[in-house]
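Okay, thanks everyone, let me get the model up on the screen. I'll walk through a few spots and say what sits around each.

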Amino acid sequence: MSERDSEANRFSARAARYARVGANVGGVAARMAGARLFGVEGRDASNAEALARALGGLKGPIMKVAQLVATIPDVVPPEYAAELQKLQSQAPPMGAAFVKRRMMAELGANWRQRFGEFDLKPAAAASLGQVHRATTPEGVPLACKLQYPDMESAVEADLAQLEVLFSLHRRMGAVIDTSEMVEEIGARVREELDYRREARHAALYRAILSDTPEVRVPALEPSLSTRRLLSMHWLEGSPILSHKQDGQAVRDRISTAMFKAWWRPFSHHGVIHGDPHLGNYTVFSEGGAPQGINLLDYGCIRIFPPSFVGGVVDLYRGLQQADDARVVHAYETWGFKGLDKELVDTLNIWARFIYGPLLEDRVRRIAEDVSPAEYGRKQAFQVHQALKKRGPVTVPREFVFMDRAAIGLGGVFLHLDAELNFHRLFEAEIEGFSVDGVAERQAKALAGAGL
């Protein structure tokens with residue numbers, strides 16, 4: 001193993017991580033069991049807070065996993081989701097001495113000479129690494145994302161602990177079999193550790209959004225990037241939530257850009273940006289007015305089989321035209337099993353919620369009288385109650401990030417109080433749609449990005 005990769009999934013680091021995460025999660029699990037876990041007492045808010053506190057002191061993937069779990073409706077009880085969502089940005093930054101050591105490990109002893117400026121204080125801290133502002137020797141502004149040490153070991157240890165959280169939920173009478181979700185979350189979090197892959201994801205998005213001026217994708221600086229360091233051009237922008245008080249036209253313009261940033265790559269190339277965290281977007285301005293969004297993070301990108309995209313369009317058309325056979329065909333395409341009328345009707349509760357705004361040809365809000373945090377929870381509860389009668393249903397793994405991103409996107413529209421004709425925006429994205437067309441464009445784009 002090369003010196004560069006000496007920390008890859010080291011057993012000693014993994015064992016230490018098991019001990020720390022296991023003690024924290026296990027302590028809460030024991031407390032819940034002691035409080036008669038399977039009764040109401042095991043699900044109260046204080047246990048949820050204790051779990052959030054236990055996870056909050058741990059950097060790294062368990063934070064990422066907790067955030068993921070919190071944003072997928074009905075994977076954990078609502079009181080747990082509410083507490084886990086608070087973990088979003090609590091990772092404390094690493095100090096200057098650490099940064100110097102990490103940079104030397106990635107770029108060599110003379111790393112500092114390869115930059116014009118490099119701010120040792122992070123501009124942002126995330127669950128797997130932190131971002132530093134810098135410039136090239138020519139003065140081009142950069143965002144340098146630097147991974148925390150021993151993250152591969154931490155990921156393997158934390159994913160093992162994820163099963164503890166899911167098994168607790170299953171024993172509380174869960175109606176959704178989470179086994180596929182555990183697999184999917186594991187695969188995506190492992191991908192997020194490889195910044196070379198993230199660089200290819202960014203290149204993919206630059207290509208597929210090159211004709212979409214409302215969405216900007218940062219250029220890469222390959223000579224200053226490694227497996228654990230990603231250097232991209234800094235895109236100036238303001239936080240999305242700082243525009244909540246802007247005029248309706250501005251909020252709708254930002255929301256339209258968000259819609260295109262999400263639906264265009266999916267409908268044309270079968271690719272989605274699976275992380276709806278608001279910190280992954282900023283708003284750029286031109287001529288003194290907000291014009292669109294900067295898409296900043298490419299760790300959590302999901303590439304779908306073209307047939308899956310076909311299922312999304314089939315379900316939309318099936319609901320639109322009351323074509324039950326086409327609706328069933330869509331669910332079959334995605335891999336749902338045992339599709340009797342009762343199960344299809346139950347799945348349609350969720351489908352009508354997600355597709356509702358796309359089916360109505362009028363200007364409207366994404367939802368009425370719902371907070372961004374509550375978006376989708378009522379419908380998830382209805383599905384939960386209906387599924388309870390028939391035993392666990394296995395949700396195909398592709399849905400984890402599809403649902404999560406759709407909920408996150410809806411949350412942005414709620415934050416901005418957008419009023420749009422979502423139907424016409426969606427119809428424009430699927431005009432002339434064919435599965436073969438997606439397959440052809442996807443293959444070409446992936447080859448171009450080296451994926």
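So, to start: in which loop does Asp369 lie? Asp369 lies in the loop between helix H12 (341-359) and helix H13 (377-388). When I say helix or strand, I mean DSSP runs numbered from the N terminus, with helices being H or I of at least four residues and strands being E of at least two.

Quick housekeeping. This is a predicted model, where local features need pLDDT of at least 70, side-chain atom pairs count only at pLDDT 80 or more, and totals for chains, interfaces and linings use all residues. Residues are numbered from 1 along each chain as its sequence is written, and side-chain values use heavy atoms, with hydrogens and water left out.

Back to Asp369: phi is near 55 degrees, a positive value in a residue other than glycine. Asp369 is exposed, with a relative accessible area of 82%. My cut-offs there are buried under 20% relative accessible area, exposed over 50%, and partly exposed in between, using a 1.4 Å probe and protein chains only.

Asp150 also has a positive phi, near 60 degrees, and again that's a residue other than glycine. You'll find Asp150 in the loop between strand E3 (141-147) and helix H6 (151-171). Asp150 is partly exposed, at 23% relative accessible area.

Next, helix H8, residues 195-208. H8 has 14 residues and reaches 20 Å from first C-alpha to last, close to the 20 Å expected at 1.5 Å a residue; that expected span is 1.5 Å times one less than the number of residues. What caps its N-terminal end? That's Asp194, with a side-chain oxygen 3.0 Å from the backbone nitrogen of Arg196. The buried residues of H8 include Tyr195, Glu198 and His201.

Now Glu221, in the loop between strand E5 (215-216) and strand E6 (229-233). The Glu221 side chain makes a polar contact with the His233 side chain at 2.8 Å. By polar contact I mean a pair of N or O atoms within 3.5 Å; within protein, one must be able to donate a hydrogen and the other to accept it, and residues adjacent in sequence count only if both atoms are side-chain atoms. Glu221 and Cys144 are 77 residues apart in sequence, and 9.5 Å apart C-alpha to C-alpha.

Last one: Arg317, in helix H10 (residues 306-320). Arg317 is buried, with a relative accessible area of 19%. Its side chain has a polar contact of 2.8 Å with that of Gln320. Leaving aside neighbours within four places in sequence, Arg317 is in contact (heavy atoms within 4.5 Å) with Arg326, Glu427 and Ile430.
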